[in-house]
Amino acid sequence: AAWARLESFLEHGAGPICFADIPWPPDGACITGVMPGDAANVAKKRLAAALRRWHPDKWRRILDRVPAADQAKVTERVKNIAQRLLEEKARLTGPGGVLR
């Protein structure tokens, strides 16, 4: 729901997007949304969606609307989340992972 509001604001709003406006995943929480017991096809779709959402290159359209004072903070947070996401991907595709 929070991400849908941000997407709607990106499409229809004209104002800036501040750090606090972005629905960041909680620290330590699963970013992919893959749950124990998820089928491989479900896990794969969730992983792909998370990779698209948090890939730093996909953030240009958002960063263009972020005030200069928040740019570095937003960029750093996105990079941190992308790194955490790659770690989740490694667990999902490694030994014992649902996508092994």
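Asp27 counts as exposed, its relative accessibility being 64%; buried stands for under 20% relative accessible area, exposed for over 50%, and partly exposed for values in between (1.4 Å probe, protein chains only). The model is predicted, and local features therefore need pLDDT of at least 70 and side-chain atom pairs count only at pLDDT 80 or more, whereas totals for chains, interfaces and linings use all residues. Residues are numbered from 1 along each chain as its sequence is written, and side-chain values use heavy atoms, with hydrogens and water left out.

Asp27 forms a salt bridge (a side-chain nitrogen of Lys or Arg within 4 Å of a carboxyl oxygen of Asp or Glu) with Arg77, with 3.6 Å between the closest N and O atoms. This pair links distant parts of the chain, since Asp27 is in the loop between α1 and α2 and Arg77 is in helix α4, 50 residues apart. Helices are DSSP runs (H or I, at least four residues), numbered from the N terminus. Asp27 and Arg77 also belong to a network of salt bridges with Arg84.

The count of salt bridges comes to five. In one of them, Glu7 pairs with Arg61, the closest N and O atoms being 2.9 Å apart. Glu7 lies in helix α1 and Arg61 in helix α3, so this bridge ties together parts that are 54 residues apart in sequence. Glu7 is partly exposed at 22% relative accessibility, and Arg61 is partly exposed at 42%. A further salt bridge joins Asp64 to Arg60, with the closest N and O atoms 3.3 Å apart. Asp64 is exposed at 56%, while Arg60 is partly exposed at 48%.

Helix α2 has 15 residues and reaches 21 Å from its first C-alpha to its last, close to the expected 21 Å (1.5 Å times one less than the number of residues). Ala43, Leu47, Ala50 and Trp54 of α2 are buried. These residues are on the same side of α2 because they cover an arc of only 65° around the axis, taken from the directions from the helix axis to the C-beta atoms. Lys44, Lys45 and Arg52 are exposed on the other side of α2. The buried residues of α2 pack against α1 and α4.

Leaving aside neighbours within four places in sequence, Trp24 is in contact (heavy atoms within 4.5 Å) with Phe19, Trp54, Trp59, Val74, Arg77, Val78 and Ile81.

Note on methods
Helices (H or I, at least four residues) and strands (E, at least two) are DSSP runs, numbered from the N terminus.
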